[in-house]
Amino acid sequence: MTGQLLEHEGKRLIREAGLPVPGGALATTAAQAQTIAARLGPQVFVKAQVPVGGRGKAGAIRRVDRDRAGGTAAALLGTVVRG
C-alpha cells in the first residue's frame, strides 16, 4: 500500500474496524463493474480510483442507472484524471 489511500482501500479499513460502509466493490474491467452494479440499487456511482482530489469535478465520478455501469466504467478505465 502506498502513503495515500484510494477510496476502496479506506472503505476496507473502515469496514474492518466494524463501521458501516456503503455497498460497492473495486472493478478493474467494464464487465466487473456491470456485475457489481447489478447487486446494488437502481442507480450507482462509477468512480475512478486515483489518488487525487476533485474527481467529481473532473468527471471521474458518475451517477448512472445500473444498466449503464459497464459502459461508463469502460469510458473511465485508462483515462487520465487531473494529470
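1. Start with Arg 12. At 32% relative accessibility, Arg 12 counts as partly exposed. Its side chain meets that of Glu 16 in a salt bridge, 3.4 Å from N to O. Glu 16 is exposed, at 58% relative accessibility. Note that this is a predicted model.

2. Why do Arg 12 and Glu 16 sit about one helical turn apart? They are separated by about one turn because they are four residues apart in helix α1. The general rule is that an α-helix has 3.6 residues a turn, so residues three or four places apart point the same way.

3. How many salt bridges does the whole structure hold? A search finds three. The others involve Glu 7, taken up next.

4. Glu 7 and Lys 47 meet through their side chains in a salt bridge, 2.8 Å from N to O. This pair links distant parts of the chain. Glu 7 belongs to helix α1 (residues 7-16), Lys 47 to strand β1, and 40 residues separate them. Glu 7 is partly exposed, with a relative accessible area of 23%. Lys 47 is partly exposed too, with a value of 33%.

5. Glu 7 also forms a salt bridge with Arg 55. The closest N and O atoms are 2.8 Å apart. Glu 7 lies in helix α1 and Arg 55 in the loop between β1 and β2 (61-65), so the pair ties together parts that are 48 residues apart in sequence.

6. Is Arg 55 buried or exposed? Arg 55 is buried, with a relative accessible area of 15%. The cut-off for buried is under 20%. Glu 7, at 23%, is partly exposed.

7. Take the Glu 7 contacts together. Glu 7, Lys 47 and Arg 55 are linked in a network of salt bridges. Helix α1 supplies Glu 7 and strand β1 supplies Lys 47. Arg 55 comes from the loop between β1 and β2.

8. Now helix α2, residues 30-39. Which of its residues are buried? They are Ala 33, Ile 36 and Ala 37. These cover an arc of only 100° around the axis, which puts them on the same side of α2.

9. What covers the buried residues of α2? The cover includes strand β1 (43-47) and helix α3 (69-76). Strand β1 also carries Lys 47, the partner of Glu 7 in point 4.

Notes
Residues numbered from 1 in each chain as written. Predicted model: local features only at pLDDT ≥ 70, side-chain atom pairs only at ≥ 80, totals over all residues. Heavy atoms only, no water. Buried < 20%, exposed > 50% of the residue type's maximum accessible area, 1.4 Å probe, protein only. Helix = DSSP H or I, 4+ residues; strand = E, 2+ residues; numbered from the N terminus. Arc of directions from axis to C-beta. Contact = heavy atoms within 4.5 Å. Salt bridge = Lys/Arg side-chain N within 4 Å of Asp/Glu carboxyl O.
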